[in-house]
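Hi,

Here is the structure I promised to pass on to you.

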Amino acid sequence: MTDITSERRQFLKHLAVLTAAGAGAAWAKDFEVSRWPAGQRAPSLQAADLDGKTWRLADLRGRAVLLNFWASWCPPCRAEMPSLQDMAAIYGPDKIVVLAINFKESRATAARFAQASALSLPVLLDPAGDMARQWGARIFPTTVLIDATGQPRQRVQGEVEWTGQAAEQLIAPLLMR
């Protein structure tokens, strides 16, 4: 698991206080979940990450996959990235893979963000926005949840605390084979 900064630790303390006070439901309203359209197949996915490695959805069968469409100019995208990384570390790469797909930014911009935020998730580039369009990402962040058989199940629009209970309820069904 990644080292948690003092700023993040302070944020988590505040979140715990709000949740304990019954304000946790307000957090859940920051995102919207919709089912993947019945009968609609997964678009193909083949893209290189910042290190030049090519990622293909077909190669990830047997593991749940989260495609997170984000941009560095998007405050909710930046805010949720640490919890995505923490969630990926909690489940481990044998159960779940999170691909952070950068929307229409240069390699240099995406790399600067990844380095500055100590992001260890694979960052794929979508310079023309074609992948985002194919996967229905029109709001940022958008995360597509894909089960271990390679079938998209849900699209989540907006910021999620990926280590929280609401996210666990989204992820658990993806892991069933």
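Asp147 is buried, since its relative accessibility is 6% and the cut-off for buried is under 20%. Keep in mind that this is a predicted model. The side chain of Asp147 meets that of Arg153 in a salt bridge, with 2.7 Å from N to O. Arg153 itself counts as partly exposed, at 39% relative accessibility.

You'll find Ala38 in the loop between β1 (31-35) and β2 (46-48), and it is exposed, at 84% relative accessibility.

How many salt bridges does a search of the whole structure find? It finds three. Another one joins Asp130 to Arg133, where the closest N and O atoms are 2.4 Å apart. These two residues sit three apart in helix α5, so about one helical turn separates them. Asp130 is partly exposed at 39%, while Arg133 counts as exposed at 53%. Then there is Asp59 with Arg56, whose closest N and O atoms are 3.6 Å apart. Both are partly exposed, Asp59 at 49% and Arg56 at 34%.

Next, helix α3, residues 75-91. Its 17 residues should span 24 Å at 1.5 Å a residue, and the end C-alpha atoms are 25 Å apart, which agrees. Still, there is a kink of about 30° at Met81, shortly before Pro82. Met81 is among the buried residues of α3, which also include Cys77, Leu84 and Met87. After the helix comes Gly92, with a positive phi near 85°.

- Lys104 isn't a glycine, but its phi is positive, about 55°. Lys104 lies in the loop between β5 (96-103) and α4 (107-116) and is partly exposed, at 48%.
- Ala118 is another residue other than glycine with a positive phi, near 55°. Look for Ala118 in the loop between α4 and β6 (123-126); it is exposed, with a relative accessible area of 53%.
- The peptide bond from Phe140 to Pro141 is cis, with omega near -5°. Pro141 belongs to the loop between α5 (130-134) and β7 (142-146).

Cheers

Methods:
Residues are numbered from 1 along each chain as its sequence is written. This is a predicted model: local features need pLDDT of at least 70, side-chain atom pairs count only at pLDDT 80 or more; totals for chains, interfaces and linings use all residues. Side-chain values use heavy atoms; hydrogens and water are left out. Helices (H or I, at least four residues) and strands (E, at least two) are DSSP runs, numbered from the N terminus. The expected span of a helix is 1.5 Å times one less than its number of residues. The bend at a residue is the angle between axes fitted to the seven residues ending there and the seven starting there. Buried means under 20% relative accessible area, exposed over 50%, partly exposed in between (1.4 Å probe, protein chains only). A salt bridge is a side-chain nitrogen of Lys or Arg within 4 Å of a carboxyl oxygen of Asp or Glu.
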